[in-house]
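Q: I am new to this structure. Please take one part of it and walk me through it closely, step by step.

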Amino acid sequence: QVQLVESGGGVVQAGDSLKLSCATSGDVFKTYAMGWFRQAPGKERSFVAAISWNGGITNYGDSVKGRFTISRDNAKNTIYLQMNSLKPEDTAVYYCGVGLSSWSSDIRFEYGYGDWGQGVQVAVSS
């Protein structure tokens, strides 16, 4: 039901930074947790980061801890993913999703989400 549009991807060198944005269609977004997943070629979609409805709780996948930061601006119906110290293994299509609740342990898994964006490509060269 919710429309999500990711942007901010591109092609960068290892060590560079990118900031992804995910704009949503309505204010309903404000009451739900949000997250980022990614899918590399030939691999399963994996958890990157999640944030509670009010931004008070965040969680990160082990591979991105200390490098990526998730944030949200509910007034703009937008979430962000700041990606620093990018590595070639970060190359993937990145998807944002709307959770099924304000926060739960399910937010680390695809089944914890109800809606997804179309994805945005991030490519990191050596």
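A: **The disulfide and the charged pairs**

A search of the whole structure turns up one disulfide. One caution first: the model is predicted. The disulfide joins Cys-22 to Cys-96, with an S to S distance of 1.8 Å. A disulfide is a covalent bond between the sulfur atoms of two cysteines. The pair links distant parts of the chain. Cys-22 sits in strand E3 and Cys-96 in strand E9, 74 residues apart. The torsion about the S-S bond of Cys-22 and Cys-96 is about 50°, so the disulfide is right-handed.

How exposed are the two cysteines? Cys-22 has 0% relative accessibility. Buried means under 20%, so Cys-22 counts as buried. Cys-96 is buried too, with a relative accessible area of 0%.

Strand E3 covers residues 18-24. E3 is mostly covered: five of its seven residues are buried. E3 pairs with strand E1, residues 4-7. Four bridges join E1 to E3, and the two strands run antiparallel. E3 also pairs with E8. Here there are six bridges, and E3 and E8 again run antiparallel.

Cys-22 has a place in each pairing. Glu-6 stands opposite Cys-22 in E3. Cys-22 in turn stands opposite Ile-79 in E8. In a regular strand the side chains alternate between the two faces of the sheet.

Next, follow the chain onward from E8. Strand E8 spans 78-83 and strand E9 spans 92-99. Asp-90 lies in the loop between E8 and E9. E9 is also the strand that holds Cys-96.

Arg-38 belongs to strand E4, residues 34-39. Asp-90 and Arg-38 are 52 residues apart, so this pair too links distant parts of the chain. Another partner of Asp-90 is Arg-67, with the closest N and O atoms 2.7 Å apart. Arg-67 lies in the loop between strand E6 (58-60) and strand E7 (68-73), so its bridge to Asp-90 ties together parts that are 23 residues apart in sequence. The salt bridges share partners, and they join Arg-38, Arg-67 and Asp-90 into one network.

Arg-38, at 8%, is buried. Arg-67, at 10%, is buried as well.

The structure holds three salt bridges. The side chains of Lys-65 and Asp-62 meet at 3.2 Å, N to O. Lys-65 is exposed, with a relative accessible area of 52%. Asp-62 is exposed at 61% relative accessibility.

Then go to the loop between E8 and E9, where Asp-90 sits. Finish with the network of Arg-38, Arg-67 and Asp-90.

Notes
Residues are numbered from 1 along each chain as its sequence is written. This is a predicted model: local features need pLDDT of at least 70, side-chain atom pairs count only at pLDDT 80 or more; totals for chains, interfaces and linings use all residues. Side-chain values use heavy atoms; hydrogens and water are left out. A salt bridge is a side-chain nitrogen of Lys or Arg within 4 Å of a carboxyl oxygen of Asp or Glu. Buried means under 20% relative accessible area, exposed over 50%, partly exposed in between (1.4 Å probe, protein chains only). Two strands pair if DSSP finds at least two bridges between them. A disulfide is a pair of cysteine sulfur atoms within 2.5 Å.
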